[in-house]
Amino acid sequence: MSEQTKIVGAANEEDLAVLRMVAKPVNENLPLDKLVLRNNVRDESEYNLPPLIESFRKNGFRPAAPIVVHVGEDKVYEVLAGNRRTNSLRTFKPAELKEILAASDGLVPCLVYRNLTPAQIEILRCDHGTDEDREPLSKYGQFTAVRRLLIAGLTQTQIAERLGIYVTKDNVKKPNRSLVQIYVNAAQLPDRVKAMLKAYWLRGQGTIRQSDISALSKLWNEEFPNYGINGKEGPKFRAKVKEIEDRDANDAPKTTVTLTAASATDKAKVMTSPTTRQLLVAATQRDGSALAQLDAELSLRDAMLRQIDWLFQHKKAQITKLLKEAEAALAKVEPKEEPAK
């Protein structure tokens, strides 16, 4: 089966509607050793578990953010979302794990789907929004997710929306179909070229660059009827790959974008954190006064966070209660942001 062939049960509007409105997952608390990890879109080298392990050690596991699991005909509880959290939990000894999972009686809170179609499974597996325990996908992770969702039958717009790949133009946030198209083009290329891209996207190694994908894709498609259809590389394609391999890695083109006041303001509009928005704008002001003021405010916050960290270690229950009360109070007075159209 080629990479561009839709899998059995490919996604359609009904599949997407089921996931949005109809699917009825069940909350279950499961033993950690019952969860199976496989087919993650994120490379293991990117897991970055230490901060998450430390978060679990200090704060425990949040039952409000369960592991997303699917059970099919094989009766295997496969983790679709929560690979990093599951791997982090597996680093703890039984006694410490029981304490971390105290709120769920030593079991892992899971959101369990049953008997979904292959396309629906991939849609859930490639759902990578962000919260405090999740990290955005790298370019290689995005490429892997795009390839799977493409095979599952989603359109480029649906893929961009599912993965949170957006671009802002004229103050309007839109799905970044251009970036998705780059990944789609890369998915068509031979395995040896995809391996070169993986090394570049993950570790910055090699001489290939993302900007090479368009030219390689064009040559591959041009020679596909005579060569690619038989799993071979055409002469023009081989020559282009050799040209890329023969580059001096130090001379490979690098893209540098200067942050202007206008571009900083545009970027700030799509940021979630108020501090990030302030920092972007302050960094482009010539006299540095706004940056100095923001630095002073952040220094004060850092000191307060150290104090809160100490309190959490010694007065966790009382502090947790106060924070929940503060969150509830703020929710009543803070205006809700309108979603981007």
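How many nonpolar, polar and charged residues are in the lining of the second largest pocket? By class, this lining holds eight nonpolar, four polar and 10 charged residues, where Ala, Val, Leu, Ile, Met, Phe, Trp, Tyr, Cys and Pro count as nonpolar, Asp, Glu, Lys and Arg as charged, and the others, Gly among them, as polar.

Before selecting anything, note that this is a predicted model, in which local features need pLDDT of at least 70 and side-chain atom pairs count only at pLDDT 80 or more, while totals for chains, interfaces and linings use all residues. Residues are numbered from 1 along each chain as its sequence is written, and side-chain values use heavy atoms, with hydrogens and water left out.

Select Asn59, Arg62, Phe312, Lys316 and Thr320, which are the closest to the centre of the second largest pocket among the 22 residues that line it. A pocket here is an open set of points on a 1 Å grid over the protein atoms alone, where a 1.4 Å probe fits, with protein on both sides within 12 Å along at least five of seven lines, and lining residues have an atom within 4 Å of a point. Its volume is about 630 Å³, taken as the space filled by probe spheres set on the points, which are joined across faces, edges and corners. At least two lining residues come from each of α2 (50–59), α4 (94–100) and α15 (316–333); helices (H or I, at least four residues) and strands (E, at least two) are DSSP runs, numbered from the N terminus.

**The sheet.** Next, colour the five strands of the open sheet, whose order is β1-β5-β3-β4-β2 with mixed pairing; two strands pair if DSSP finds at least two bridges between them. The edge strands, β1 (26–30) and β2 (35–36), each pair on one side only. Five bridges join β1 to the antiparallel strand β5 (residues 108–114), and Val26 has Val112 in β5 as its bridge partner.

**The hairpin.** Move on to β6 (residues 166–169) and β7 (residues 172–175), antiparallel strands joined by four bridges. Thr168 is partnered in β7 by Lys173, and within the hairpin, which has two residues between the strands, Asp170 takes a positive phi near 55°.

**Two helix pairs.** Now show α7 (residues 156–163) with α8 (residues 177–187), which pack at an angle of about 105° with their axes 9 Å apart; axes are lines fitted to C-alpha atoms, for helices over the stretch in contact, and angles run from 0 to 180 degrees between N-to-C directions. That angle makes α7 roughly perpendicular to α8, a label for 65 to 115 degrees, whereas angles under 35 count as roughly parallel, over 145 as roughly antiparallel and the rest as oblique. Here Gln156, Thr157, Ile159 and Ala160 in α7 meet Arg177, Val180, Gln181 and Val184 in α8, contact meaning heavy atoms within 4.5 Å.

Finally, select α6 (residues 139–152) and α9 (residues 191–203), which pack at about 140° with axes 8 Å apart. That makes α6 oblique to α9.
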